[in-house]
Amino acid sequence: MTDLVQLASDNGIAVITINNPPVNALSPGVPEGISETLDQIANDGSVKATVLIGGGRTFVAGADIKEFGKMTSGKPRGAGLLPLLLKIEDSAKPVIVAIHGTAFGGGMELAMAGHYRVAVATAQFGQPEVKLGLIPGAAGTQRLPRLAGVSKAVEMCVSGTPVNADEALKLGIVDSIIEGDFLAGAIAFAREVAGKPAPKTRERNGKLGNPAENALIFSKAREAAAKKQRGLLAPARAIDAVEATTKMPFEEGCKFEQKLFIECLFSEQSKSLIHVFFSERETAKIPDIPKQTNIIPIHSAAVVGAGTMGGGIAMVLANAGIPALLKEADQAALDRGLATIQSNYANSVKRGRFSQQVAEERLKRITPTLTYDDFSDVDLVIEAVFEGMALKKSVFRELDRVCKPGAILASNTSTLSIDEIASATSRPESVIGTHFFSPANVMRLLEIVRGKASSQEVVATCMQLSKTLGKVGVLVGNCRGFVGNRMFGPYRREAQFLVEEGASVEAVDQALSDFGMAMGPLATGDLAGLDVGWRIRKEYRHLEVAGIRQPFLEDRLCELGRYGQKTGAGWYKYDDQRRAASDPAVGELIRKWVEEAGIAQRQISATEITDRCLYALVNEGARILEEGFALRASDIDIIYINGYGFPAHRGGPMWYANTMGLKKVCDRISEFHSQHGETWQPAPLLKQLAEQGKTFAEFGREQGATA
Ligand code: 3H9
């Protein structure tokens with residue numbers, strides 16, 4: 001037996017413990033170990049029932065995802081799981097699966113093969129495979145409907161969202177919730193059922209419904225998946241697999257599921273989503289910051305500026321249980337900020353996200369103020385005032401004066417230099433950028449901008465804080481626009497150039513939306529406010545290099561007061577519900593402006609639109625990587641997926657470039673370079689990797705990344 005699985009016994013009850021930290025994944029050796037213990041138990045006359053439990057912090061979080069990347073043929077390495085599950089189910093002595101932490105994926109499938117399931121009240125149950133571009137591959141789609149019913153099984157397999165122990169009990173996934181000593185409770189349960197006939201999940205057909213009801217469930221699920229999970233393979237296949245449960249005997253259903261699982265496993269979508277899973281976890285690893293670096297406890301915080309960003313950040317802190325002062329310069333602005341926060345919370349209550357009581361508790365954690373008087377006690381300040389260097393510096397001078405030594409002084413700037421902001425203080429080591437994305441209480445991304453003096457403690461604390469706040473923190477360097485916005489510039493520049501050259505506004509947005517972007521680049525501009533970029537461009541105009549083509553359409557739209565959604569018109573026109581419609585007037589204006597500018601018009605294909613916009617992202621990303629402003633290509637991917645609506649199933653812009661082949665990407669960029677000039681100069685790193693036949697991922701591994 002492997003040391004991944006242990007067998008013990010307690011007065012006639014065998015206890016199998018899986019010990020494969022950190023999450024007891026079903027790595028090679030674990031299924032084999034369980035199988036061997038079952039053989040021993042079968043031959044041991046003194047054993048009356050078996051408890052199967054996970055050691056450490058959780059039951060089993062699923063198949064070992066790392067193994068999937070090693071599979072090259074049509075036969076998945078996890079195929080051994082199905083026979084093991086049958087062996088458990090066919091065991092003459094009842095098997096009670098005891099679940100704490102998570103029973104996810106293969107872990108859930110393992111649990112469902114047992115005759116009974118008991119759980120702690122905090123346990124979670126789910127088939128999250130779809131989030132990895134997969135479907136359950138060890139009879140999950142066949143056993144779950146038999147326990148929880150067809151409709152719930154479809155929902156769980158298609159959304160990947162877990163259920164808690166209470167719901168699992170109601171659904172029939174769990175038989176008992178155990179209070180007190182968990183193992184003792186599970187053993188007591190085992191004693192009660194020992195010697196009695198044990199139910200086999202695969203023979204429980206009572207919840208499989210009738211054809212008419214099922215047909216409706218599947219057609220609704222397909223319709224919803226086509227809308228909400230646009231372009232994704234796994235949700236559709238998960239529905240097919242659950243449908244098979246209602247139409248085929250168990251064994252045939254399993255074979256059908258297996259076929260679909262393999263189709264998903266070898267899809268680009270799954271490879272990309274698995275890349276995203278590991279990359280997200282990789283962001284927390286900072287090579288020069290040891291794991292044991294001191295973390296500054298954050299018991300209280302303050303936010304300067306109660307505008308959209310400041311208010312949102314105060315909510316994020318309050319939602320995570322951190323009390324926050326919210327400072328504004330004048331009462332009217334403070335009142336406006338608070339009113340927005342109140343209405344956001346009221347909306348969440350109305351939508352059933354949390355109760356009125358929870359909303360009130362959160363609101364109570366936010367203390368409005370017009371002064372810096374109480375700032376001396378806080379552990380962290382996040383400045384979110386208007387984007388202007390002089391103003392930011394004056395705020396930081398004040399913070400330096402009032403805050404206690406060791407307090408973290410963070411700026412939410414999206415473009416300005418953290419080092420210059422830090423220079424306004426006597427403690428640049430405490431200064432850092434925490435760049436939230438709008439709306440701050442919704443968007444998962446947090447760019448953490450390391451200044452040249454930011455201390456290791458301050459960086460490590462902010463990385464840790466991002467988790468507490470429910471964000472994905474990505475450490476970036478201090479360059480103009482940092483990583484996300486620096487890349488967004490060329491992306492949106494190309495979108496405008498394409499319109500200048502003859503593509504319609506709608507065609508540009510449609511091509512990127514068809515690619516999978518949450519929104520097209522021009523519609524995104526309307527959402528964010530075209531005036532924001534206009535103001536920044538005016539401020540930085542002196543930095544523009546003469547002779548380099550600059551887009552001009554958005555400046556013209558802004559000159560007409562067309563700032564986007566907030567003024568009811570931008571690239572599109574908007575009704576009072578902010579619903580977009582094409583605006584023929586914009587088409588007319590563009591025709592006139594480009595004619596005046598003498599820009600030749602031509603037919604532009606959807607492929608050229610996506611290539612120009614996406615390769616502009618990739619080229620800038622390669623420069624950022626080479627200059628060291630991002631730690632790894634995969635960090636850039638995580639930024640784009642969580643902050644800019646890049647489709648996760650494409651793995652992020654850098655991963656997407658890998659899948660296209662860097663040589664092909666570089667050749668296309670060179671082609672654009674010769675057609676459109678200097679802005680398309682291929683990034684040296686991209687050129688080098690393309691010549692060497694390498695990917696960004698290989699480059700990352702050479703630099704020490706593990707994702
Ligand atoms: C499946 O089961 C298919 C089957 O249907 C069919 C098979 C035939 N494998 O997230 P954390 C690592 S598909 C390998 O930071 P948390 C993770 O990379 C699978 N490694 O902790 C990290 O490593 P590191 C279906 C895994 O407490 C460390 O564990 N299951 C796996 O915030 C800690 O993870 C899933 O999709 C794994 N399955 O969250 C569940 N899981 O420290 C995926 C984790 O080196 N996992 N690791 O960075 C999760 O959702 C979360 O990890 C979990 C814990 C909620 C369990």
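Which polar backbone atom lies 2.8 Å from an oxygen atom of the ligand? It belongs to A63.

Good morning. This is a predicted model, in which local features need pLDDT of at least 70 and side-chain atom pairs count only at pLDDT 80 or more, while totals for chains, interfaces and linings use all residues. Residues are numbered from 1 along each chain as its sequence is written, and side-chain values use heavy atoms, with hydrogens and water left out.

I begin with the ligand. A nitrogen atom of the ligand is 2.8 Å from a polar backbone atom of A61, and a nitrogen atom of the ligand is 2.9 Å from a polar backbone atom of I65. Of the ligand's own 1,000 Å² of accessible area (Shrake-Rupley method, 1.4 Å probe), the protein covers 76%.

I turn to the shell around the ligand. There are 26 residues around the ligand (a heavy atom within 4 Å), and R57, G106, E109, E129 and R281 come nearest. By class, the shell holds 14 nonpolar, six polar and six charged residues; Gly counts as polar here. Helix 12 gives the most, with three residues; helices are DSSP runs of H or I with at least four residues, numbered from the N terminus.

Finally, I consider helix 27, which spans residues 653–660. Six of its eight residues are buried, meaning under 20% relative accessible area with a 1.4 Å probe, protein chains only. The buried residues are P653, M654, W655, Y656, A657 and N658. After helix 27 comes G661, whose phi is positive, near 95°.

Conventions:
A polar contact is a pair of N or O atoms within 3.5 Å; within protein, one must be able to donate a hydrogen and the other to accept it, and residues adjacent in sequence count only if both atoms are side-chain atoms. Helices (H or I, at least four residues) and strands (E, at least two) are DSSP runs, numbered from the N terminus. Buried means under 20% relative accessible area, exposed over 50%, partly exposed in between (1.4 Å probe, protein chains only).
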